[in-house]
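Good morning, colleagues. Please bring up the model on your screens, and I shall take you through two parts of it.

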Amino acid sequence: MIKLFKVKERQRELAENANGKLPIKKQSAGELRLHKDISELNLHKTCTLAFPNGKDDLMNFEVTIRPDEGYYLGGTFVFSFQISSIYPHEAPKVKCKTKVYHPNIDLEGNVCLNILREDWKPVLNINAVIYGLFHLLMEPNHEDPLNQDAAAVLRDNPQLFESNVRRAMIGGYMGQTFFPRCI
Amino acid sequence: MAESTVHQSRSRDLDKLLLRPGNLVAPTFEPGAQLRDDLQEYAKILVVGAGGLGCELLKDLALSGFKNLEVIDMDRIEVTNLNRQFLFRLEDVGKPKAEVAARRVMERVSGVNIVPHFCRIEDKDIDFYRDFIIIVLGLDSVEARSYINAVACGFLEYDSDDKPIEETVKPMVDGGTEGFKGHARVIIPGSTPCFECTIWLFPPQVKFPLCTLAETPRTAAHCIEYAHLIKWDEVHSGKTFDPDDPEHMKWVYTEAVKRAELFGIQGVTYSLTQGVVKNIIPAIASTNAIVSAACTLETLKLVSGCSKTLSNYLTYNGVEGLHIKVTEFVKDKDCLVCGPGVLLELDTSVTLQKFIDMLEEHPKLLLSKASVRHQATNLYMQAPQVLEEMTRSNLNLPLFELMGKVPRDIVHVTGTTSRDDKKASCLRKLCLVFKGADAVTDQDMAVGA
């Protein structure tokens, strides 16, 4: 299949111009797909993006959501996105950087969203994930709890949950936990 | 005299293949002593990975008459490797796999030279990979395969009829095993599907819902993942978990045991903890041997042309009985990694804005609202606004300059195509050739003219 004499020729050529080309950083297929995802984002007006490492690093970015209705109205929530080189074979890694009193987001910023883990499919995209996060802020649910206390309050006493969310967003203690202001 | 007898007997069987003509051979096959000698002198082969498959591959390639081998692996030897990575001994634990593997094979097989590289595959210049006639992969991750595939396909050039140019084809032979299952495949970029063409063949990794881990664990793996993904962050705020640090692993194991006791779950062990956290797949020595043997034979056939090669994907499944199957996958003609892309000839003076306008008119593309990426640089992004603002100033600059004044290179564009009044988003690979750029020696003069 391979003609060896061509190899011989090439080895001679290589020896002749040893320092030919500059090393080039190889971009992954994941970066290309992400490029497409990002350039096609169609975001709700409450969502904005930031690229802390500049225009060329799309693999790490932040999404800020400012809900315009629901329990979290008025708050500002920042989510960090980390994309792997084999995206979309693997889901984005998302963390909530804002400390939030939320049944599906724990105090370390882990987010319980099905499409980020067990239900991720390569046909999904960044847009879908951002809408998923938006939905989570619009409609927190007590059935998939990561913050068990918040989930129990939401289930048993939605009014108390609402005032707890307010208190946390204004900034202050909820039990032992301090929530910085995010309004 | 003893030396020459050994030599003769070792190449005797190989000679039968390489010195005589045959019917089922590749069209390029030129039997003869010259071929055998060239094979030994010029065929330089890279083995990526010196683990379970890598050890087998090095041994098999050395015993098949290849004399110039190199091996690259970033790992050090661990005790748990010793059951199947037969080139390593207990006293080697902690040493680089590539170095020990190379030394051991050279000790056993006289005349073979193996150069070890103890580093990450990304640490090597792209040109390092150019040197090899074939790259043989004995890897365990999708990421690493994807990287090597991108590098090998990056050498590929097409002629004006979109036919691969033979000298630029860098074939790969990829092996993989998982317990009783394995695969061997031949990737000839431009002819057979590359790794990205068929990436969907890899099953998605199993991931448990976080809320199951937090609230309703049912298995030992749930308890381990809880300690690894949730408890670790809770206790060590800001410190990243390092799976290769035994202290970290022990901590996760201890926490997982506590968790399992709390929920009355059996089966958390230290080795299961390692398995779950590092996503270790059980390895069986003989599966590695079978897959490596297939890969080595395909390598020999590819290099020498002494027989037709596997076309193009062999699966071995020894789970229920034994099933072996060869499937001929087809390549994705629009593959972003191995496909030819659309060839465009441009003047060196064309600005990025003009280029974007041209894409809209181009009959093969009809691509509007294009965002343009060259290598790791975003030249222009239509959206989101923040990136549009950061890249807008590029629009008035000549594309030739933005791309570093190379006469020819690949760019990727995303945008909207409209065919038959239907709009669809698309991502395309373009091969840009700048007219007269080869002759330009003084860039300033060229721009002035």
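Where in chain A does A:Leu58 lie? In this predicted model, A:Leu58 belongs to the loop that links strand S1 (47–50) with strand S2 (60–65) of chain A.

Is A:Leu58 buried or exposed? A:Leu58 has 23 other C-beta atoms within 10 Å, and because the cut-off for a buried residue is 20 or more, A:Leu58 counts as buried. Once neighbours within four places in sequence are left aside, A:Leu58 is in contact with A:Glu31, A:Leu34, A:His35 and A:Ile38. Of these, A:Ile38 stands 20 residues away in sequence, with a C-alpha to C-alpha separation of 8.1 Å.

I turn now to chain B. Its division gives domain 1 (2–202 + 283–327), domain 2 (210–277) and domain 3 (342–448). Between domain 2 and domain 3 of chain B, the C-alpha centres are 49 Å apart.

Helix H8 of chain B covers residues 220–235. Its 16 residues reach 21 Å from first C-alpha to last, close to the 22 Å expected at 1.5 Å a residue.

How enclosed is H8(B) by the rest of the structure? H8(B) is largely enclosed, because 12 of its 16 residues are buried.

Key. Residues are numbered from 1 along each chain as its sequence is written. Chains are lettered from A and ligands numbered from 1 in the order in which they are written. This is a predicted model: local features need pLDDT of at least 70, side-chain atom pairs count only at pLDDT 80 or more; totals for chains, interfaces and linings use all residues. Helices (H or I, at least four residues) and strands (E, at least two) are DSSP runs, numbered from the N terminus. Two residues are in contact if their C-beta atoms, placed from the backbone, lie within 7 Å. Domain bounds come from an automatic or database domain assignment. The expected span of a helix is 1.5 Å times one less than its number of residues.
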